[in-house]
Amino acid sequence: MTDAQRMQNLTVPTGVIDAVLDTDAFNEVDDQFAISLFLRMPERVRPLALYAAPFYNSNSSGPADGMEKSYLEIQKILQFMNETVDVFKGSETYLPDEHTPVISPAALDLVEKAKQYSSEKPLYVVAIGAITNVASALLIEPKIADNMVVVW
């Protein structure tokens with residue numbers, strides 16, 4: 001990707017964008033609003049998938065439990081909103097180091113989706129939790145970096 005293309009991709013896009021949302025939905029209440037907005041802005045966003053991100057605090061017993069609770073929360077929101085979009089479980093742990101991905105359905109789906117895009121027509125990846133799923137996808141297939149705009 002050229003520097004000019006990278007700068008172009010960092011400007012606010014016009015029209016409808018293809019996007020995925022990576023969220024630790026059970027962690028804090030703001031994620032439910034983000035999911036609702038993500039799903040109900042057809043003039044701006046074509047939602048392709050939702051990914052459950054890990055978290056660990058007083059609302060979970062560990063990253064795996066946090067991810068599982070977020071996955072179930074996403075399902076609950078979709079049911080409540082009468083919406084259908086693919087939902088994938090994410091990482092059950094955080095990255096062990098900067099070179100080792102955590103393989104998960106979310107990371108693998110992101111790799112496959114991003115391969116279908118290009119620097120001229122990127123996939124937008126909105127991450128509002130731990131960046132583990134996105135980082136893992138990039139570690140699995142570094143070439144997809146040029147096909148995505150990550151908003152974190």
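In E2, Arg46 is the bridge partner of Asp18, where strands are DSSP runs of E with at least two residues and helices are runs of H or I with at least four, numbered from the N terminus. Ala19 stands opposite Pro47 in E2. E1 and E2 pair in the parallel sense over seven bridges; two strands count as paired if DSSP finds at least two bridges between them. The model is predicted, with local features requiring pLDDT of at least 70 and side-chain atom pairs pLDDT 80 or more, whereas totals for chains, interfaces and linings use all residues. Residues are numbered from 1 along each chain as its sequence is written, and side-chain values use heavy atoms, without hydrogens and water.

**Sheet and helices**

On E1, Asp22 stands opposite Ala127 in E4, and four bridges join these parallel strands. Five strands form an open sheet in the order E3-E2-E1-E4-E5, with parallel pairing. E3 and E5 each have a single partner strand at the edges, so one side of each is left without a neighbour in the sheet. Neighbouring strands are turned against each other by 25° on average, direction ignored.

Helix H2 lies across E1 and E2 and runs at about 160° to E1; angles run from 0 to 180 degrees between N-to-C directions, along lines fitted to C-alpha atoms, for helices over the stretch in contact. H3 packs on the sheet, touching E1, E2 and E3, and its direction makes about 145° with that of E2. Contact here means heavy atoms within 4.5 Å. E1, H2 and E2 make a right-handed β-α-β unit: with the strands pointing away from the viewer, the path from the first strand over the helix to the second runs clockwise.

**Buried parts**

Seven of the seven residues of E1 are buried, that is, under 20% relative accessible area, with exposed over 50% and partly exposed in between (1.4 Å probe, protein chains only). Ile17, Ala19, Leu21 and Thr23 point one way from E1, and Asp18, Val20 and Asp22 the other way. In helix H4 (residues 105-114), seven of ten residues are buried, including Leu110 and Val111. The buried residues of H4 pack against several elements, among them E1, E4 and helix H5 (132-140).

The largest nonpolar core has 20 residues, and Ile35, Phe38, Leu39, Leu50, Ile74 and Leu78 have the most contacts inside it. Such a core is a set of buried Ala, Val, Leu, Ile, Met, Phe, Trp, Tyr and Cys residues joined through side-chain atoms within 4.5 Å. E1, H2, E2 and H3 each give two or more residues to this core, and H3 gives the most, with six. Apart from it lies another core of 15 residues, including Val111, Ala114, Tyr117 and Ile144.

**Salt bridges**

The structure holds eight salt bridges, each a side-chain nitrogen of Lys or Arg within 4 Å of a carboxyl oxygen of Asp or Glu.

| Pair | Closest N and O atoms |
|---|---|
| Glu83 and Arg40 | 2.6 Å |
| Lys89 and Glu68 | 3.0 Å |
| Asp65 and Lys69 | 3.2 Å |

Glu83 lies in the loop between H3 and E3 and Arg40 in the loop between H2 and E2, so this pair ties together parts that are 43 residues apart in sequence. Lys89, in the loop between E3 and H4, and Glu68, in helix H3, are 21 residues apart. Asp65 and Lys69 are four residues apart in helix H3 and so separated by about one helical turn. Asp18, Arg46 and Lys121 are linked in a network of salt bridges.
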